[in-house]
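Please read the briefing below alongside the sequence and the 3D view.

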Number of protein chains: 2
Amino acid sequence: MATPTTSRRTFLMASLGFTATKLIKPFSHQVLTAGQVIDRIKASVGIPWREQTVDNLIAGTPEIPVKGIASTMMATLDVLHRAADKGLNMVITHEPTYYSHQDRTEPIQQDALYQLKRSFIQQHGMAVFHFHDHWHGHRPDGIATGMIRELGWEKNIDSQNPRLFTFQETPLAQFAQGIASKLTIRTMRVIGDPQLPVRRVMASWGNVSLMPGVPYLAQADVLIVGETHEWELVEYVQDAIASGQKKALIILGHLLSEQAGMKYCAEWLKGFIPEVPIEFIASGEPYWRPDLPAK
Amino acid sequence: MATPTTSRRTFLMASLGFTATKLIKPFSHQVLTAGQVIDRIKASVGIPWREQTVDNLIAGTPEIPVKGIASTMMATLDVLHRAADKGLNMVITHEPTYYSHQDRTEPIQQDALYQLKRSFIQQHGMAVFHFHDHWHGHRPDGIATGMIRELGWEKNIDSQNPRLFTFQETPLAQFAQGIASKLTIRTMRVIGDPQLPVRRVMASWGNVSLMPGVPYLAQADVLIVGETHEWELVEYVQDAIASGQKKALIILGHLLSEQAGMKYCAEWLKGFIPEVPIEFIASGEPYWRPDLPAK
């Protein structure tokens with residue numbers, strides 16, 4: 001089984017002080033710390049670790065002994081509760097813990113909810129690691145890989161551009177409905193002619209700004225995003241359509257536009273962290289529609 | 001009719017070189033320029049004009065003769081077409097023309113759609129004025145005034161806080177449905193227990209960041225916003241609910257959360273610009289749902 005991949009992994013693990021023997025012994029009693037998990041992620045992600053990044057230990061210390069790992073899209077209080085209930089005391093989250101991309105806590109230092117969340121993490125001996133930039137930086141992008149699997153779009157990927165997909169021509173409304181069903185989205189928002197024939201699709205998971213939204217739209221019939229500003233890219237798409245361009249925009253919602261990427265992350269982590277259980281914790285769509293209320 | 005208001009207006013107009021006689025003669029043949037319209041807005045808005053502001057002449061020159069004025073929420077290409085068709089060659093828009101809050105054109109200088117929009121404005125002798133900061137700065141907030149009228153919430157305003165409203169207790173889903181019907185919103189998104197009794201409502205029209213979203217939420221059962229980041233305020237509201245707080249968030253969509261404020265703006269403009277026709281140009285919600293496609 002000495003494939004190039006395992007060779008590299010064995011080399012990396014050895015360089016971190018692990019032996020292959022230790023690695024293949026799952027759930028051993030040897031202590032694994034949060035710092036060691038982060039070191040292994042850094043060694044395995046395949047790109048140099050950035051100096052400027054949001055990928056930091058947001059709560060807890062590197063010394064915390066890890067009993068289990070939860071990968072998740074967003075470390076909400078609900079997710080933290082569910083992780084703690086399962087004995088998974090290290091949470092690896094794609095989105096922020098403290099309500100800002102940089103997890104800046106100064107503005108909310110005095111906020112009772114922030115204090116409650118911080119205390120919950122402390123009292124349960126938890127560590128929370130923000131894993132955003134380098135999971136996108138992984139080649140192929142870890143989030144995109146998970147989303148493509150979830151949607152079953154592996155065969156539709158363009159050979160030149162991993163964000164671009166080609167489909168058999170389908171009217172926009174039907175195409176959008178198909179995604180909404182697969183990802184169980186209640187509040188998907190679509191712009192464009194419902195009858196627009198969809199063939200080429202550009203997908204940019206998560207938040208998308210005007211740039212690179214504009215060049216993305218230029219390359220496809222439909223641009224799919226998680227979240228975007230109404231006064232920027234949405235206005236641009238409306239104008240593109242008003243000018244006669246045959247274009248559309250599908251807004252999935254941020255969570256469901258990336259979540260499957262963290263499901264895949266749990267699998268990826270298992271490849272080099274055999275000592276503790278690793279589980280993906282899913283969240284449902286945050287929103288409901290007034291005509292279809294949901295708890 | 002020498003009320004304090006008309007006195008002040010007459011004084012202001014006189015100081016700008018207009019006489020009362022000229023003012024009360026509608027649609028006269030005397031040339032009114034875009035620069036004069038802006039000067040009158042500055043003189044009438046009731047707050048000092050800011051040095052740092054997005055409220056600028058985005059397209060056209062101050063010398064352009066104004067034949068008619070369109071007030072609108074967002075100067076999309078569709079709105080510009082409709083204004084030009086009606087002979088309204090000055091557009092006063094609350095949201096950007098060029099896809100960014102600051103109407104920054106450098107990133108899109110080479111973009112064909114930007115060039116087409118700019119050419120359309122030039123070829124039709126139009127002027128576009130961004131009227132955002134000072135319309136919010138007007139007391140009471142011009143956008144809020146229009147929205148409250150549209151919703152018929154005048155009797156519900158809190159005497160101490162113009163963003164706060166009190167209602168007879170209504171379950172959240174029903175309350176949200178009522179707003180969706182009044183504002184004709186197809187893609188409203190709601191977070192919270194559908195049965196939550198709604199009594200106190202905080203409304204912050206347009207885009208709302210984590211701050212001041214957090215203190216707004218603290219003061220009411222429900223916070224209503226136009227648009228907000230899922231990884232900031234949405235996560236915070238989810239956590240508040242998970243922690244046991246009886247709270248909810250209603251996301252209207254940006255356009256319909258402020259548009260009636262620009263309907264009111266047309267009325268307001270008529271109070272001190274009698275020479276030319278002034279019309280509000282409405283836009284429909286940009287989005288549709290896959291299960292309810294719309295053109």
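In this predicted model, A:His94 is in contact, leaving aside its neighbours within four places in sequence, with residues including A:Thr72, A:Met73, A:His130, A:His132, A:His136, A:Glu258 and A:Met262. A:His94 lies in strand 3 of chain A and is buried, with a relative accessible area of 0%.

**The annotated site**
- The UniProt annotation "binding site", which comes from an unreviewed entry, covers A:His94, A:His254 and A:Glu258.
- These residues span 165 residues in sequence, yet no two of their C-alpha atoms are more than 11.3 Å apart, so they gather at one spot.
- From this set, A:His254 is part of the lining of the second largest cavity.

**A:Glu258**
- A:Glu258 belongs to helix 11 of chain A and is buried, its relative accessible area being 1%.
- The side chains of A:Glu258 and A:His94 are joined by a polar contact of 3.3 Å.
- Leaving aside neighbours within four places in sequence, A:Glu258 is also in contact with, among others, A:Met73, A:Glu95, A:His136, A:Trp205 and A:Gly206.

**The sheet and the helix across it**
- Five strands of chain A form an open sheet in the order 1-4-3-2-10, with mixed pairing.
- Strand 1 (57-59) and strand 10 (278-281) stand at the edges with a single partner strand each, so one side of each is left without a neighbour in the sheet.
- Strand 2 (residues 69-74) and strand 10 pair in the parallel sense over four bridges, and A:Ser71 has A:Phe280 in strand 10 as its bridge partner.
- Helix 11 (residues 254-270) lies across strand 2, strand 3 (90-95) and strand 10 of chain A, and runs at about 160° to strand 2.

Notes
Residues are numbered from 1 along each chain as its sequence is written. Chains are lettered from A and ligands numbered from 1 in the order in which they are written. This is a predicted model: local features need pLDDT of at least 70, side-chain atom pairs count only at pLDDT 80 or more; totals for chains, interfaces and linings use all residues. Side-chain values use heavy atoms; hydrogens and water are left out. Two strands pair if DSSP finds at least two bridges between them. Helices (H or I, at least four residues) and strands (E, at least two) are DSSP runs, numbered from the N terminus. Contact means heavy atoms within 4.5 Å. Axes are lines fitted to C-alpha atoms, for helices over the stretch in contact, and angles run from 0 to 180 degrees between N-to-C directions. UniProt positions are given in the numbering used here, feature names are shortened, and annotations may be inferred rather than shown by experiment. On a 1 Å grid over the protein atoms alone, a cavity is a set of points where a 1.4 Å probe fits but cannot get out, and a pocket is an open set with protein on both sides within 12 Å along at least five of seven lines; lining residues have an atom within 4 Å of a point. Buried means under 20% relative accessible area, exposed over 50%, partly exposed in between (1.4 Å probe, protein chains only). A polar contact is a pair of N or O atoms within 3.5 Å; within protein, one must be able to donate a hydrogen and the other to accept it, and residues adjacent in sequence count only if both atoms are side-chain atoms.
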